[in-house]
Amino acid sequence: NGGMSRFEKFKHYHSQFLNKKLSQVEILDLADSFSDLVVQKVIKSKNVPGVLSFLKEAGKKYKLFISTGTPEDEINLILQGKGIKSYFEKVYGSPSKKTEHIKKIKNNYSYKSNNLVFFGDSITDLCAANSTNVPFILIENQFNNELSLSYKGKKIKNFISFKI
(Lines give C-alpha, C1' and ligand atoms only; values in the text may rest on other atoms or scores of the structure.)
Protein backbone atom coordinates (compact mmCIF):
# COMPACT_ATOMS: atom_id res chain seq x y z
CA ASN A 1 0.00 0.00 0.00
CA GLY A 2 2.78 2.41 -0.89
CA GLY A 3 1.57 5.98 -1.21
CA MET A 4 -1.38 5.45 1.13
CA SER A 5 -1.64 7.60 4.25
CA ARG A 6 -0.24 5.84 7.30
CA PHE A 7 -3.48 6.63 9.11
CA GLU A 8 -5.35 4.57 6.52
CA LYS A 9 -2.72 1.83 6.70
CA PHE A 10 -3.00 1.56 10.48
CA LYS A 11 -6.78 1.20 10.24
CA HIS A 12 -6.54 -1.29 7.39
CA TYR A 13 -3.84 -3.51 8.91
CA HIS A 14 -5.42 -3.62 12.34
CA SER A 15 -8.84 -4.34 10.91
CA GLN A 16 -7.76 -6.92 8.32
CA PHE A 17 -4.94 -8.72 10.12
CA LEU A 18 -5.59 -8.18 13.82
CA ASN A 19 -9.39 -7.94 13.71
CA LYS A 20 -9.18 -4.79 15.81
CA LYS A 21 -10.79 -1.40 15.34
CA LEU A 22 -8.49 1.40 16.44
CA SER A 23 -9.64 4.49 18.30
CA GLN A 24 -8.55 7.91 17.05
CA VAL A 25 -6.18 8.18 20.04
CA GLU A 26 -4.56 4.82 19.18
CA ILE A 27 -4.13 5.88 15.55
CA LEU A 28 -2.48 9.15 16.61
CA ASP A 29 -0.17 7.31 19.04
CA LEU A 30 0.89 4.90 16.30
CA ALA A 31 1.46 7.81 13.90
CA ASP A 32 3.65 9.62 16.43
CA SER A 33 5.71 6.48 17.06
CA PHE A 34 6.07 5.87 13.35
CA SER A 35 7.12 9.46 12.72
CA ASP A 36 9.76 9.26 15.45
CA LEU A 37 11.20 6.18 13.77
CA VAL A 38 11.36 7.40 10.19
CA VAL A 39 11.86 11.16 9.81
CA GLN A 40 15.59 11.24 10.54
CA LYS A 41 16.18 8.05 8.54
CA VAL A 42 14.46 9.59 5.51
CA ILE A 43 16.45 12.82 5.88
CA LYS A 44 19.69 10.80 5.97
CA SER A 45 18.70 8.51 3.09
CA LYS A 46 20.28 8.81 -0.34
CA ASN A 47 18.49 10.82 -3.00
CA VAL A 48 17.32 9.26 -6.23
CA PRO A 49 20.35 9.68 -8.51
CA GLY A 50 20.17 12.91 -10.52
CA VAL A 51 17.17 14.34 -8.69
CA LEU A 52 18.98 17.41 -7.30
CA SER A 53 20.12 18.48 -10.75
CA PHE A 54 16.63 17.82 -12.06
CA LEU A 55 15.04 19.97 -9.34
CA LYS A 56 17.47 22.83 -9.99
CA GLU A 57 16.85 22.80 -13.75
CA ALA A 58 13.11 22.11 -13.66
CA GLY A 59 12.62 24.76 -10.98
CA LYS A 60 13.96 27.41 -13.37
CA LYS A 61 11.19 26.65 -15.90
CA TYR A 62 8.28 25.20 -13.93
CA LYS A 63 6.47 25.32 -10.63
CA LEU A 64 7.16 22.09 -8.77
CA PHE A 65 4.78 20.48 -6.30
CA ILE A 66 4.77 17.49 -3.99
CA SER A 67 1.78 15.23 -3.46
CA THR A 68 2.39 12.57 -0.83
CA GLY A 69 0.66 10.31 1.66
CA THR A 70 3.12 11.53 4.31
CA PRO A 71 1.60 14.00 6.79
CA GLU A 72 2.13 17.56 5.59
CA ASP A 73 4.04 18.76 8.67
CA GLU A 74 6.35 15.75 8.48
CA ILE A 75 7.12 16.06 4.75
CA ASN A 76 8.00 19.71 5.33
CA LEU A 77 10.47 18.68 8.08
CA ILE A 78 11.98 16.11 5.72
CA LEU A 79 12.32 18.58 2.86
CA GLN A 80 13.95 21.15 5.16
CA GLY A 81 16.28 18.50 6.57
CA LYS A 82 17.33 17.45 3.07
CA GLY A 83 17.77 21.11 2.04
CA ILE A 84 15.32 20.93 -0.88
CA LYS A 85 12.15 22.62 0.39
CA SER A 86 12.89 25.81 -1.57
CA TYR A 87 12.50 23.97 -4.90
CA PHE A 88 8.78 23.42 -4.34
CA GLU A 89 5.99 25.89 -4.92
CA LYS A 90 3.64 23.98 -2.61
CA VAL A 91 3.73 20.73 -0.68
CA TYR A 92 0.58 18.66 -0.22
CA GLY A 93 0.41 15.77 2.23
CA SER A 94 -2.06 13.75 4.22
CA PRO A 95 -4.71 13.79 5.47
CA SER A 96 -5.81 15.04 2.02
CA LYS A 97 -5.75 12.50 -0.81
CA LYS A 98 -3.50 12.83 -3.86
CA THR A 99 -6.47 13.34 -6.18
CA GLU A 100 -7.47 16.32 -4.03
CA HIS A 101 -3.90 17.65 -4.23
CA ILE A 102 -3.96 17.57 -8.03
CA LYS A 103 -7.37 19.25 -8.15
CA LYS A 104 -6.09 22.02 -5.86
CA ILE A 105 -3.00 22.53 -8.03
CA LYS A 106 -5.13 22.71 -11.17
CA ASN A 107 -7.62 25.13 -9.59
CA ASN A 108 -5.17 27.34 -7.68
CA TYR A 109 -2.74 27.71 -10.58
CA SER A 110 -5.21 27.52 -13.50
CA TYR A 111 -3.50 24.45 -14.94
CA LYS A 112 -5.11 21.94 -17.21
CA SER A 113 -4.24 18.25 -16.94
CA ASN A 114 -1.86 18.41 -19.91
CA ASN A 115 0.09 21.24 -18.19
CA LEU A 116 1.16 18.80 -15.47
CA VAL A 117 3.23 15.64 -15.12
CA PHE A 118 3.00 13.38 -12.07
CA PHE A 119 6.21 11.54 -11.17
CA GLY A 120 5.41 8.73 -8.77
CA ASP A 121 6.36 5.30 -7.55
CA SER A 122 3.14 3.82 -6.20
CA ILE A 123 -0.25 2.63 -7.34
CA THR A 124 -1.87 5.52 -5.46
CA ASP A 125 0.25 7.95 -7.50
CA LEU A 126 -0.81 6.27 -10.74
CA CYS A 127 -4.48 6.20 -9.72
CA ALA A 128 -4.43 9.90 -8.75
CA ALA A 129 -2.83 10.83 -12.07
CA ASN A 130 -5.25 8.67 -14.04
CA SER A 131 -8.35 9.94 -12.25
CA THR A 132 -7.36 13.55 -13.00
CA ASN A 133 -6.09 12.84 -16.53
CA VAL A 134 -2.56 13.97 -15.66
CA PRO A 135 0.31 12.29 -17.56
CA PHE A 136 2.25 9.91 -15.32
CA ILE A 137 5.89 8.83 -15.19
CA LEU A 138 6.68 5.82 -13.01
CA ILE A 139 9.87 5.98 -10.97
CA GLU A 140 10.94 2.34 -10.72
CA ASN A 141 12.45 1.11 -7.46
CA GLN A 142 12.93 -2.07 -5.45
CA PHE A 143 9.51 -1.72 -3.82
CA ASN A 144 7.31 -1.41 -6.92
CA ASN A 145 8.40 -4.34 -9.10
CA GLU A 146 4.85 -5.60 -9.59
CA LEU A 147 3.58 -2.17 -10.64
CA SER A 148 6.62 -1.68 -12.87
CA LEU A 149 5.98 -4.95 -14.68
CA SER A 150 2.31 -4.15 -15.33
CA TYR A 151 2.65 -0.43 -16.16
CA LYS A 152 3.04 0.18 -19.90
CA GLY A 153 3.64 3.95 -19.80
CA LYS A 154 6.81 6.03 -19.38
CA LYS A 155 9.21 4.70 -16.70
CA ILE A 156 12.50 5.93 -15.29
CA LYS A 157 14.91 4.41 -12.77
CA ASN A 158 16.50 7.75 -11.85
CA PHE A 159 16.85 11.34 -13.05
CA ILE A 160 20.43 11.13 -14.33
CA SER A 161 19.55 11.17 -18.01
CA PHE A 162 16.03 12.60 -17.73
CA LYS A 163 15.71 15.74 -19.82
CA ILE A 164 13.17 18.47 -19.23
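The following questions and answers concern a predicted model of a protein.

Reader: On what conventions do the values rest, and which pLDDT do local features need?
Author: Residues are numbered from 1 along each chain as its sequence is written, and side-chain values use heavy atoms, with hydrogens and water left out. Because the model is predicted, side-chain atom pairs count only at pLDDT 80 or more, totals for chains, interfaces and linings use all residues, and local features need pLDDT of at least 70.

Reader: In what order do the secondary structure elements of the protein run?
Author: Helices (H or I, at least four residues) and strands (E, at least two) are DSSP runs, numbered from the N terminus. The protein has 7 helices and 5 strands. From the N terminus on, their order is α-α-α-β-α-β-α-β-α-β-α-β.

Reader: What radius of gyration does the protein have?
Author: The radius is taken over C-alpha atoms, and the globule rule is 2.2 Å times the number of residues to the power 0.38. The C-alpha atoms fill a box of roughly 45 × 35 × 35 Å along the principal axes. For 164 residues a compact globule would have a radius of gyration near 15 Å, and this agrees with the value for the protein, 16 Å.

Reader: How many residues of strand β1 are buried?
Author: Buried means under 20% relative accessible area, exposed over 50%, and partly exposed in between (1.4 Å probe, protein chains only). Of the 164 residues of the protein, 38% count as buried. Strand β1, residues 65-71, is mostly covered, and the number of buried residues is 7 of its 7.

Reader: Which residue in β2 stands opposite Pro 71?
Author: Two strands pair if DSSP finds at least two bridges between them. Strand β1 is joined to β2 (residues 90-94) by 4 bridges, and the two run parallel. Opposite Pro 71 stands Ser 94.

Reader: What is the omega of the peptide bond from Ser 94 to Pro 95?
Author: Most peptide bonds are trans. Pro 95 is found in the loop between β2 and α5 (98-109). The bond leading from Ser 94 to Pro 95 is cis, its omega being near 20 degrees.

Reader: Which residues does Glu 72 touch, not counting residues up to four places away in sequence?
Author: Glu 72 belongs to helix α4, residues 72-82, and is partly exposed, its relative accessible area being 30%. Contact means heavy atoms within 4.5 Å. Under that exclusion, Glu 72 touches Lys 90, Val 91, Tyr 92, Gly 93 and Ser 94.

Reader: What is the phi of Asn 133?
Author: Most residues other than glycine have a negative phi. Asn 133 lies in the loop between α6 (123-131) and β4 and counts as exposed at 61% relative accessibility. Its phi is positive, near 60 degrees.
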